[in-house]
Amino acid sequence: MQSVHLLRLSPLLAALLCARATGAQEYLDLTYPFDEQTIYWPTSRPFQLDKVWKGTTEAGFYYEANNYSAAEHGGTHLDAPSHFAPGRWSVDEVPLSSLIGPAVVVDISARAAGNPDAVLDPADLLAWQKKHGPLPQGAILLVRTGWGRFWPDRKRYLGTDRPGDVAGLRFPGISAEAAQWIASSGRVRAVGIDTASLDPGRSKDFRAHVILYEKNIPGLENVAHLDRLPPVGATLIALPMKIRGGSGAPCRIIARLPGK
Ligand SMILES: [Zn+2]
């Protein structure tokens, strides 16, 4: 009897294991969960989940549901160009071609390790190109500062854990010159970073935001696990909540890894 069971079960088990092997390892989730730990800008309303019901109803069936609320800009999210550039795309207007594309990771984590004011410079982009070749057309360019290792510790990730304390913000970002280089390359459709903002925390004028968004190049912020992505070869898929007229939105970001 035992052998009959094995025969009946083994094809199913094999299929399940096969699905696990291809499905589970092929895609990488670059999204932080939304909960009470999720980091928001010091002036923004954090994520809140309010229980509507959880348990057996009077009618006898089990039911659970919640309400949620949060600012657009917090956790892993998309910045629509309209966030800093009037008349440019809002979240619902950003085309899928700007949200799906070849992922490029430019790593400045070694330089940023001891310096929260470190920024991506044109020299970093030139060095990347020298090593890996020209940026692919339609690239989604991701800046790895290494700051993801501090998540969800607000004090270390943002430089401050005090609500409203924008003066205390300290983390690496993208220089105005690098933003200009990216915007004029004609090859980059979106830019992402593993910090809370494209501009460095100490920025007061948000030049990288302005330069990129004026060119309808949206931003991805608080992108998770950039240390697990190769510098080139993965495909990024970033799908924000389609808030009509939104200046930003929570975003599920995944990468399809190369050669899988
Ligand atoms: Zn934002």
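**View 1. The whole predicted model.** This is a predicted model, in which local features need pLDDT of at least 70 and side-chain atom pairs count only at pLDDT 80 or more, while totals for chains, interfaces and linings use all residues. Residues are numbered from 1 along each chain as its sequence is written. The secondary structure comes to six helices and 12 strands, where helices (H or I, at least four residues) and strands (E, at least two) are DSSP runs, numbered from the N terminus. Along its principal axes the C-alpha trace spans about 70 × 50 × 35 Å. Of the 260 residues in the protein, 38% are buried; a residue is buried if 20 or more other C-beta atoms, placed from the backbone, lie within 10 Å of its own, exposed if 12 or fewer, and partly exposed in between. Among the contacts with a separation of 6 or more, 76% join residues 24 or more positions apart, a contact being two residues whose C-beta atoms, placed from the backbone, lie within 7 Å.

**View 2. Confidence and the start of the chain.** The mean pLDDT of the protein is 92, and 90% of its residues reach 70 or more; pLDDT is the predictor's confidence in each residue, from 0 to 100. Over residues 1-7 the pLDDT is below 50, and beyond near neighbours in sequence this stretch has zero contacts in the model. Residues 9-21 likewise have a pLDDT below 50, with zero contacts in the model beyond near neighbours in sequence.

**View 3. Strand S9 and its two partners.** Six of the six residues of strand S9 (residues 188-193) are buried, so this strand is largely enclosed by the rest of the structure. Strand S7 (residues 139-144) pairs with S9 in the parallel sense over five bridges, and strands are said to pair if DSSP finds at least two bridges between them. Within this pairing, Ile140 has Ala190 of S9 as its bridge partner. Strand S10 (residues 219-221) also runs parallel to S9, joined by two bridges, and Leu220 in S10 is the bridge partner of Gly192. From S9 the chain crosses through helix H6 (residues 207-214) to S10 in a right-handed β-α-β crossover, meaning that, with the strands pointing away from the viewer, the path from the first strand over the helix to the second runs clockwise.

View 4. In H5, the residues Ala178, Ala179, Trp181 and Ile182 are buried. They cover an arc of only 160° around the axis, which puts them on the same side of H5; the arc is that of the directions from the helix axis to the C-beta atoms. The buried residues of H5 pack against S6, helix H3 (122-132), S7, S8, S9 and H6. In H6, the buried residues are Ala208, His209, Ile211, Leu212 and Tyr213, and they pack against strand S8 (173-174), H5, S9 and S10. Just after H6, Asn216 takes a positive phi of about 60°.

**View 5. The largest nonpolar core.** A nonpolar core is a set of buried Ala, Val, Leu, Ile, Met, Phe, Trp, Tyr and Cys residues joined through C-beta atoms within 7 Å. The largest has 49 residues, of which Ala103, Leu141, Leu142, Ile174 and Leu212 touch the most other members. The largest share of this core, five residues, comes from S7. Not counting residues up to four places away in sequence, Ile174 touches Val119, Leu120, Val143, Ala179, Ile193, Leu198, Asp199 and Ala208. A second, separate core of 10 residues includes Tyr40, Trp151, Leu158 and Leu169.

**View 6. The hairpin of S2 and S3.** Strands S2 and S3 pair in the antiparallel sense over eight bridges, and Gly55 stands opposite Tyr63 in S3. Five residues lie between the strands of this hairpin, in which Gly60 takes a positive phi near 100°. Of the eight residues of strand S3 (residues 62-69), the number buried is zero, so S3 lies largely in the open.

**View 7. The surroundings of Pro42.** Pro42 is found in the loop between strand S1 (27-29) and strand S2 (48-56). With 19 C-beta neighbours inside 10 Å, Pro42 counts as partly exposed. Not counting residues up to four places away in sequence, Pro42 touches Thr160, Arg162, Pro163, Gly164, Asp165 and Val166.
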